[in-house]
Amino acid sequence: MTLYKRYADELATLIASGALQPDERLPSVREASRKRGLSEMTVLRAYHRLEASGLIVAKPRSGYYVCAQRAKPPKPALSKPLARSTTVDKSELIYELLAAIRRPSVVPLGSAFPSPKLLPLKALHASLNRSVRGLDPWRTVVDLSPGNPELRRLIALRYSGDGIAIEPEGLVITDGAMEALSLCLQAVTSPGDAVIIESPTFYASLQALERLRLRAVEVPTDPETGVDLDALATALKRHKPAACWLMTSFQNPLGASMPDARKQALVTLLAQHGVPLIEDDVYGELHYGESRSKPAKAWDEEGLVLHCSSFSKCLAPGYRIGWAAPGRYTARVERLKLGSSLSAALPSQLALADYLATGSYERHLRKLREQLIAGRDAMLAAIQQHFPDGTRVTRPDGGYFLWVELPKGGDTRALQQAALAQDISIAPGALFSARDDFAHCLRLNYGHPDDGRVGAALETLGRLARG
């Protein structure tokens with residue numbers, strides 16, 4: 001990106017975050033040039049760019065000022081899925097997306113992972129070397145499912161620190177969260193059963209339903225507070241589902257997080273119907289507040305919540321270590337794990353146990369959260385600056401996704417193809433529904449604040465969306 005664009009985007013981020021207030025005077029062109037080491041022409045071009053975007057205004061003989069506060073884009077509307085169960089056929093579209101983001105030349109706005117450069121890979125490699133040095137060969141055939149005892153103890157200890165009672169014996173280590181979720185789904189369903197999911201939902205849940213020949217029942221979901229409990233109660237009575245698969249904290253793709261009272265009411269409602277809840281909590285550690293948002297598992301008194309998480313989204317994607325806390329279904333999930341892949345890779349388990357024992361994890365998470373907040377604010381500023389009038393967007397308090405709703409008539413499948421031609425990936429809205437809902441929506445990943453191509457990619461994307 002050229003220098004003037006980079007400086008303009010930096011100022012736009014400060015304006016969007018409130019660091020630069022409405023009617024606040026910007027440094028003079030000469031002052032900004034001296035302080036930033038930029039030419040006066042570069043500063044002037046940046047100011048002209050912001051002025052053309054309506055973010056600042058020039059006042060004669062006075063200088064440049066931040067414009068009066070522009071209204072932030074409103075949040076997307078509550079989803080309104082059809083109230084019926086349906087089969088799922090999304091694999092081809094999902095594979096198309098995943099194939100695109102593998103190319104290093106592509107700006108990964110459609111990716112499901114944060115930038116690996118934000119993760120403590122050197123420290124993890126050191127833990128891996130320490131933990132496998134002098135490893136007793138018998139450990140490779142003894143530490144089968146439910147997993148390495150020390151890793152399970154350390155995971156249970158983290159839950160305990162958040163006031164959530166999960167015993168090490170109640171954990172099953174898996175090959176990432178997707179296997180944990182899939183095993184839990186298999187434990188409580190049979191082919192042909194109905195499963196309640198959010199609308200929109202993470203496309204991996206659609207893949208699992210498709211593979212296991214289950215039917216999806218999509219329930220309206222608020223972009224801020226999560227699944228609509230009244231609509232859920234109606235769906236429970238009408239469809240008699242075998243299970244419910246929800247993401248209660250920083251939901252993918254919306255970023256929605258259910259308040260504690262709603263999570264408690266959710267657990268109570270499902271317990272009244274005897275319906276298991278498969279809880280996907282892979283973003284729980286990526287909260288921007290002072291403390292972690294408790295998962296629904298915290299209110300589970302009947303053992304009906306099958307809670308799943310992993311280290312893939314916040315620490316070590318390539319290590320493929322996740323886990324399930326399946327409550328009353330623990331033995332069943334453990335047997336399914338033994339029957340499918342025996343155990344998760346032992347070196348990965350030992351390395352993560354060693355890393356957790358060093359006490360470095362919390363420091364890493366604090367730094368990662370700060371980087372993600374910066375990435376969110378920069379992307380929100382770019383959307384406000386470059387995307388069409390009438391665009392709606394979420395402002396999540398955790399995770400690393402924005403859900404963007406373009407004006408009616410927008411076609412994000414076409415936008416995806418046009419963006420790929422410019423080496424930019426996005427996740428079109430059709431990926432997140434069993435039907436082709438959300439055709440004018442898309443999910444953007446702001447977990448790559450270290451990638452200098454993102455600002456220019458968002459400008460290009462906004463231009464394509466306006467066209």
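A charge sits over a ring if NZ of Lys or CZ of Arg is within 6 Å of the ring centre and within 35 degrees of the ring normal. With that in mind, look at lysine 59: its charged end sits over the ring of tyrosine 65, 4.4 Å from the ring centre. Lysine 313 likewise lies over the face of phenylalanine 113, at 4.1 Å from the centre of that ring.

A word on the ground rules before we go on. You are looking at a predicted model, in which local features need pLDDT of at least 70 and side-chain atom pairs count only at pLDDT 80 or more, while totals for chains, interfaces and linings use all residues. Residues are numbered from 1 along each chain as its sequence is written, and side-chain values use heavy atoms, with hydrogens and water left out.

Let us stay with the rings. Rings of Phe, Tyr and Trp (its six-membered ring) pair if their centres lie within 6.5 Å; planes under 30 degrees apart count as stacked, over 60 as edge-to-face and the rest as tilted. Across the whole structure, the search finds 12 aromatic pairs. In one of them, the centres of tyrosine 47 and tyrosine 64 are 4.9 Å apart and the planes meet at 55°, so the pair is tilted. This pair links distant parts of the chain, 17 residues apart: tyrosine 47 belongs to helix H3 (residues 40-52) and tyrosine 64 to strand S2 (residues 63-66). Helices (H or I, at least four residues) and strands (E, at least two) are DSSP runs, numbered from the N terminus. Both tyrosine 47 and tyrosine 64 are buried, where buried means under 20% relative accessible area, exposed over 50%, and partly exposed in between (1.4 Å probe, protein chains only).

Tyrosine 355 and tyrosine 361 make an edge-to-face pair, 6.4 Å centre to centre with 70° between the planes. Tyrosine 355 counts as buried at 2% relative accessibility, and tyrosine 361 is buried with a relative accessible area of 2%. Elsewhere, ring pairs join Phe202, Tyr203, Trp403, Phe432 and Phe438 into a cluster.

On a 1 Å grid over the protein atoms alone, a cavity is a set of points where a 1.4 Å probe fits but cannot get out, and a pocket is an open set with protein on both sides within 12 Å along at least five of seven lines; lining residues have an atom within 4 Å of a point. Grid points are joined across faces, edges and corners, and a volume is the space filled by probe spheres set on the points.

The largest pocket has a volume of about 580 Å³. Its lining has 37 residues, of which Leu380, Thr394, Arg395, Pro396 and Asp397 are the closest to the pocket centre. Helix H1 (3-17) and helix H14 (361-386) each supply at least two residues of that lining.

The second largest pocket has a volume of about 500 Å³. Among its 24 lining residues, Thr13, Ala378, Pro449, Asp451 and Gly455 are the closest to the centre. H1, H14 and helix H16 (454-466) each supply at least two lining residues here, and H14 gives the largest share, 7 residues.

Finally, turn to the cavities: the search finds 3 of 30 Å³ or more. The largest cavity has a volume of about 110 Å³. Tyr361 is among the residues that line the largest cavity, as are Arg158, Glu285 and Trp323. Helix H7 (149-161) and strand S11 (305-310) each supply at least two residues of this lining, and H7 gives the most, with 3 residues.
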